[in-house]
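Let's take a walk through this model. Keep the viewer open as you read, and click along as each part comes up.

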Amino acid sequence: MSELLKSVERLEPNPNIPPLAPGDTVRVHSRIVEGDRERIQLVQGVVIRIKKGGPAASFTVRRIGAHGVGVERTFPFHSPRVEKVEVLRHGKVRRAKLYFLRGRGGKSARLRERRVETPAE
Amino acid sequence: MKGLLGRKLGMTRIFDESGKVIPVTVIEAGPCYVTQKKTVESDGYSAIQIGFEETEQRKLTRPEWMRLKKVNLPPLRHLRELRMSDVSGYEVGQKLMVDLFKPGDKVDITGLSKGRGFAGVVKRHGFAGGPATHGQSDRHRAPGSIGSGTTPGRVYKGTRMAGHMGNHTSTVQNLQVVMVDPERNLLLVRGAVPGAKNGLVLIREAVKQ
């Protein structure tokens with residue numbers, strides 16, 4: 001792809017999003033427009049998919065909603081509407097796409113935790 | 001009427017302030033030079049001729065190069081004419097930059113569409129083709145009937161059939177300018193424009209505003 005075209009895309013990592021990995025439990029703060037006012041909506045769940053693709057890159061968060069219904073939301077990495085992402089927990093997983101979680105609920109949908117050494121601040 | 005020549009770089013997507021995704025075509029537009037002014041008195045109609053993309057002198061024929069040299073312009077690869085009713089604002093040798101346009105403007109973009117060769121009726125005209133199953137043989141992408149019987153006894157002119165597709169000059173009207181970057185000579189318009197990557201495109205102010 002032409003260098004000039006790439007320069008338009010300005011693909012620096014989004015400063016609001018820390019490095020994510022599949023299996024991470026995250027809390028996403030996204031700005032949504034409701035009627036004529038804007039507010040922050042929280043989505044907390046497991047990252048089941050990270051999709052590459054330059055300006056179209058996205059990640060999908062799966063959470064269990066009311067009555068045990070699974071809800072998935074996909075956020076573009078470069079969207080200015082993603083205000084903040086907190087990583088709450090790293091899950092130990094062996095594959096990149098965690099679609100197997102869709103067929104599961106309750107105890108079988110748990111992921112073992114992967115402890116990460118955080119550098120002392 | 002204002003216009004520029006440019007080179008299509010390709011498509012991508014950008015986010016606007018509200019977070020909406022806009023599909024854009026990136027065009028490297030200009031700098032162009034006014035190479036000739038045509039007036040009703042001298043030519044019977046009024047237009048300006050613009051040139052784009054400096055090249056090597058040896059790539060032009062001597063007459064092409066000499067006439068540019070006469071007006072102190074570098075050798076230019078592409079020349080196009082822009083018809084306009086009033087050429088008084090232009091001078092030969094004047095440099096036209098992408099800042100001719102600003103975000104929100106509507107433009108018409110002309111390019112040479114990608115050649116598809118001899119294409120069947122499904123690709124060329126969007127026909128549905130025949131049934132896939134139930135004993136069909138060789139009818140999957142056939143056009144079906146091309147007319148009536150004894151009356152009129154011929155196939156009407158203009159009936160859509162297979163034939164050469166693409167590789168013709170095509171214009172898309174009323175594309176919206178999304179972003180202009182005078183530093184890098186970039187023009188971003190919403191939507192697709194005709195032609196392949198690195199194809200020459202002519203950007204003009206929209207006729208139907």
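Predicted model: local features only at pLDDT ≥ 70, side-chain atom pairs only at ≥ 80, totals over all residues.

Residues are numbered from 1 along each chain as its sequence is written, chains are lettered from A and ligands numbered from 1 in the order in which they are written, and side-chain values use heavy atoms, with hydrogens and water left out.

First, the scores. The model has ipTM 0.73 and pTM 0.82. Chain B comes with a mean pLDDT of 91, and 100% of its residues reach 70 or more; pLDDT is the predictor's confidence in each residue, from 0 to 100.

Now to strand 11 of chain B (186–190). Helices (H or I, at least four residues) and strands (E, at least two) are DSSP runs, numbered from the N terminus. Four of the five residues in strand 11 of chain B are buried, where buried means under 20% relative accessible area, exposed over 50% and partly exposed in between (1.4 Å probe, protein chains only). Strand 2 of chain B runs antiparallel to strand 11 of chain B, with five bridges joining them; two strands pair if DSSP finds at least two bridges between them. Val26(B) has Leu188(B) as its bridge partner there. Strand 10 of chain B is also antiparallel to strand 11 of chain B, through four bridges, and Val180(B) sits opposite Leu187(B).

Thr25(B) counts as buried because its relative accessibility is 0%. Its side chain reaches the backbone oxygen of Gly191(B) at 2.4 Å, a polar contact (a pair of N or O atoms within 3.5 Å; within protein, one must be able to donate a hydrogen and the other to accept it, and residues adjacent in sequence count only if both atoms are side-chain atoms). Leaving aside neighbours within four places in sequence, Thr25(B) is in contact (heavy atoms within 4.5 Å) with residues including Lys8(B), Met11(B) and Val189(B).

What about the nonpolar packing? A nonpolar core is a set of buried Ala, Val, Leu, Ile, Met, Phe, Trp, Tyr and Cys residues joined through side-chain atoms within 4.5 Å. The largest has 28 residues, and Ile27(B), Leu187(B) and Ile203(B) are among those with the most contacts inside it. Strand 12 of chain B gives the largest share of this core, four residues. A second, separate core of 14 residues includes Ile17(A), Val28(A), Val43(A) and Ala57(A).

Elsewhere in chain B, four strands form an open antiparallel sheet in the order 5-4-3-6. Strand 5 (76–83) and strand 6 (95–96) of chain B are the edges, each pairing on one side only. Two bridges join strand 3 of chain B to strand 6 of chain B, and Tyr33(B) stands opposite Lys95(B).

Finally, visit Gly130(B), in the loop between helix 3 (121–125) and strand 9 (163–165) of chain B. Gly130(B) counts as partly exposed because its relative accessibility is 27%. Beyond residues up to four places away in sequence, Gly130(B) touches Arg139(B), His140(B), Arg141(B) and Ala142(B).
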